[in-house]
Amino acid sequence: MYFPIEVNKDAVVEKVWRIGGENGWYFGTKLWRIRGLLDQFTGGIGFRKGRILATELKKGDPIDFWKVCQADKREGILELEAEMNLPGKVFLEWKIGYNELIQTVRFYPEGKWGRYYWKIVKPVHRWIFLNMGKEIAKG
């Protein structure tokens, strides 16, 4: 998804770098917490709510039930991998350009349950990620 940046690139980079933990997810944080409870109920890590540092990220750092895969603040790229129990793998990525934010969600299903899961949750995820991207792009 592409979002025009409403202020400047630096403000958006700073907002992305503060995501999760005490700042929440800028949209649907309560829904993320419910998903964390469901994850914990099924034996996952749940919504562990937290980050190591409030404004800095590096590869391997936790953000709630995500793990940082790539963090290049200078280039404006942050990629997270979901650590919750899922029938597949999920990655969430932001690329911040001069005047646009590119937010990408990739789901790689495992087997038929993974495909069913994504078919069921995709409409809700689309709504959440669309609104989250809009809020982030405001800086």
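Colleague: How many bridges join β2 to strand β3, and which way do the two run?

Modeller: Strand β2 and strand β3 (residues 66–72) run antiparallel and are joined by 2 bridges. Strands here are DSSP runs of E with at least two residues, helices are runs of H or I with at least four residues, and both are numbered from the N terminus. Two strands count as paired if DSSP finds at least two bridges between them. Please note that this is a predicted model, in which local features need pLDDT of at least 70 and side-chain atom pairs count only at pLDDT 80 or more, while totals for chains, interfaces and linings use all residues. Residues are numbered from 1 along each chain as its sequence is written, and side-chain values use heavy atoms, with hydrogens and water left out.

Colleague: Which residues of β3 do Ile63 and Pro62 face?

Modeller: The bridge partner of Ile63 is Trp66, and Pro62 stands opposite Lys67.

Colleague: What lies between β2 and β3?

Modeller: The two strands form a hairpin with 2 residues between them. Asp64, in that turn, has a positive phi of about 55 degrees, and Asp64 is a residue other than glycine.

Colleague: Is Asp64 buried or exposed?

Modeller: Asp64 is buried, with a relative accessible area of 0%. Buried means under 20% relative accessible area, exposed means over 50%, and partly exposed is in between, using a 1.4 Å probe and protein chains only.

Colleague: Which other residue has a positive phi although it is not a glycine?

Modeller: Tyr26 does, with a phi of about 70 degrees. Tyr26 is found in the loop between α1 (9–17) and α2, and is partly exposed at a relative accessible area of 22%.

Colleague: Back to the strands, please. How does β3 pair with β4?

Modeller: Strand β3 and strand β4 (residues 77–82) pair in the antiparallel sense over 6 bridges. Within that pairing, Gln70 has Glu79 of β4 as its bridge partner. These two strands also form a hairpin, with 4 residues between them. Gly76 in the turn has a positive phi of about 75 degrees.

Colleague: And what about β5 and β6?

Modeller: Strands β5 and β6 pair in the antiparallel sense over 9 bridges. A hairpin joins β5 to β6 through 3 residues. Gly88 stands opposite Pro109 in β6. Strand β6 (residues 100–109) is also joined to β1, by 3 bridges and again antiparallel; there, Pro4 stands opposite Glu100.

Colleague: In what order do the 6 strands lie in the sheet?

Modeller: They form an open sheet in the order β1-β6-β5-β4-β3-β2, with antiparallel pairing. The edge strands are β1 (2–4) and β2 (62–63), each of which pairs on one side only. As a general point, the side chains of a regular strand alternate between the two faces of the sheet.

Colleague: Where is Lys95, and what does it touch?

Modeller: Lys95 is in strand β5 (residues 88–96). Leaving out residues up to four places away in sequence, Lys95 touches Gly76, Ile77, Glu100, Leu101 and Ile102. A contact here means heavy atoms within 4.5 Å. Lys95 is partly exposed, with a relative accessible area of 36%. The C-alpha atoms of Lys95 and Val13 are separated by 9.0 Å, although these residues are 82 apart along the chain.

Colleague: Now a helix. Is Thr29 buried or exposed?

Modeller: Thr29 lies in helix α2 (residues 29–41) and counts as buried, at 18% relative accessibility.

Colleague: How many helices and strands does the whole chain have?

Modeller: The protein chain has 3 helices and 6 strands. From the N terminus on, the elements run β-α-α-β-β-β-β-β-α. The radius of gyration is 15 Å, close to the 14 Å that the globule rule gives for 139 residues, so the chain is as compact as a globular protein of that length. That radius is taken over C-alpha atoms, and the rule is 2.2 Å times the number of residues to the power 0.38.

Colleague: Last topic: what share of the residues count as buried?

Modeller: Of the 139 residues, 44% count as buried. Among contacts between residues at least 6 apart in sequence, 51% join residues at least 24 apart.
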